[in-house]
Amino acid sequence: MDRIYIFDTTLRDGEQSPGASMTVEQKIEVAKLLAGIGVDVIEAGFPISSPKQFEGVRRVAESVRGSTIAGLARTLEKDIDRCLEALQPASKKRIHTFIATSDIHLTYKLKKTKKEVLKLATDAVRHAKSLVSDVEFSAEDATRSEWEFLRDVYTAVIEAGATTVNVPDTVGYTVPEEYARLIDYLRREVPGIDKVIISVHCHNDLGLATANTLEALKAGARQAEVSVNGIGERAGNASFEEVVMSIKTREDCFGFKTKIKTEQIYHLSKTIVSFTGMPVQPNKAVVGENAFAHEAGIHQDGVIKHKMTYEIMTPQSIGRQRSILVLGRHSGKHGVKERLKELGYILPAKDLDKVFTKFTEIADKKKEVFDADLIALIEEELNVLPKTFSLDYFSVITGNRVIPTATVKLKRGDEIIQEAATGDGPVDAVYKAIEKITDTPIKLISYSINAVTHGKDAMGGVTITVEKDNRVYRGYGVATDVVEASVHALINAINRIFYNGL
Ligand code: KIV
Ligand code: ZN
């Protein structure tokens, strides 16, 4: 079987999407999960683009072993040198350099001729190769570039030492058949291409990123660039879970294998939701809440008789449990610990105590505590974002004939700060009180709420985006009470604002 290399760009292209920024500690956590799940290459960021990006790549390079760590660089010497500086501590490092090749980018963005771009690409790869042995070159907007020019560029960069050549569908424009033809053309026309890895990098503007990726692999590409939950610029990148599970589920059709331990996919996906505050749609392939839920009577009947009637992969294969009833108020710490272990969380005693205390509070309010409740809870409790503020107490008086009035107490270190405020509704009132306490006026851009778990007593997950000083921040909170979930979401967003350096 042909081995497919998985190149994960959640921390670079994914993190580049509006409001998805992660703290450096969160990036390290994600990179460790990516290495643990078996990703071949982790693209950790774009070092020259900001000091924070540099630090992110550097710290991932220091802390993560097993996978190759890649950094992105334009075809400028200063970018490549800075990239190497960030990657230095990595035991396996890759410099990934790119330049656009389409006429539209050359004319309007780069204002360069083809000859100039060809030289920049070649010089960049030659320079990168003098620093590291593993060099990837990307022809940005390849799918809208002239094929003959692509042939010349790839030929030159391979001669200069590129070991991977990436063919990005930067704007999600291509379709499977055309993309496969392009890969096939390059395989026939570019001398030396059989000695390097052909990579594909698809965006999802037309919802074709996974299909395009798979078709290009069938045509001979051997590296797939993906992001967890498909996050990324605009409509996102090809999704990690979709590409990997397609390869696994349709092994009969593709004859490919990856090194991915698919049982860790769900946990990885949930971690990205928690860290970025970007939820996945309930019907999202593979990791959506409903991906293994059967509603229609006929489907339920079929599944009860034989799971494979309506399931093409098992929930366990991505680390999800089928069981509905999990734990309740009579469960002890041992039971919770075992259940968490089954879900892939092996916690140190201190964290387990924290989670267990919170679990008992929820179990008191709910008849049943489901796996999803536990996962939501653990992400809330163990979120590695520094908690500048945390909730001590809140109360809100509301009704159809009173002005909603909230009192909120937040902890900041040892200090407890209290404020009261009125608003148009209970959430507005608590938000105004929190803004006063934290002295952080924000503009609420979006607010969405969905049930994280099933049933009347489900946990509510609230996701907000707020604007502060022209930057957008996300916040995510879960609780059985929606106002409380809203409070946690705003505190989460404000902690993110403080972390980003108020
Ligand atoms: O979409 C794209 O073209 C990119 C490149 C930098 C690989 O992200
Ligand atoms: Zn991209």
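1. Being four residues apart in helix 8 (residues 176-189), Glu177 and Arg181 are separated by about one helical turn. In this predicted model, the two side chains form a salt bridge, with their closest N and O atoms 2.8 Å apart. Glu177 is partly exposed at 49% relative accessible area, and Arg181 is likewise partly exposed, at 43%.

2. Asp184 is partly exposed, with a relative accessible area of 34%, whereas Arg188 counts as exposed at 55%. Elsewhere, salt bridges with shared partners join Arg3, Asp40 and Lys259 into one network.

3. The side chains of Asp103 and Lys114 meet at 3.0 Å, N to O. Asp103 belongs to helix 5 (residues 103-110) and Lys114 to helix 6 (residues 114-131), so this pair ties together parts that lie 11 residues apart in sequence. Asp103 has a relative accessible area of 36% and is partly exposed; Lys114, at 26%, is also partly exposed. In total, the structure holds 33 salt bridges.

4. Helix 2 comprises 14 residues, 24-37, and spans 20 Å from its first C-alpha to its last, close to the 20 Å expected at 1.5 Å a residue. Its buried residues are Val24, Gln26, Lys27, Ile28, Val30, Ala31, Leu34, Ala35 and Ile37. Gly38 follows the helix and has a positive phi, near 105°.

5. The residues around ligand 1 are Arg12, Asp13, His96, Phe98, Ser138, Glu140, Asn166, Pro168, Thr170, His201 and His203. By class, this shell contains two nonpolar, six polar and three charged residues.

6. Oxygen atoms of ligand 1 approach several side chains. The distance to an N or O atom is 2.9 Å for the side chain of Arg12, 3.0 Å for that of Asp13 and 2.6 Å for that of Thr170. Taken alone, ligand 1 exposes 260 Å², of which the protein buries 94%. The elements contributing two or more residues to the shell are helix 1 (10-14), strand 5 (93-100), strand 6 (135-140) and strand 7 (164-169).

Note on methods:
Residues numbered from 1 in each chain as written. Chains lettered and ligands numbered in written order. Predicted model: local features only at pLDDT ≥ 70, side-chain atom pairs only at ≥ 80, totals over all residues. Heavy atoms only, no water. Expected span 1.5 Å × (residues − 1). Buried < 20%, exposed > 50% of the residue type's maximum accessible area, 1.4 Å probe, protein only. Near = heavy atom within 4 Å. Polar contact = N/O pair within 3.5 Å; in protein donor to acceptor, adjacent residues only side chain to side chain. Areas by Shrake-Rupley, 256 points an atom, 1.4 Å probe, with all protein chains shown as cover. Nonpolar A, V, L, I, M, F, W, Y, C, P; charged D, E, K, R; others polar. Salt bridge = Lys/Arg side-chain N within 4 Å of Asp/Glu carboxyl O.
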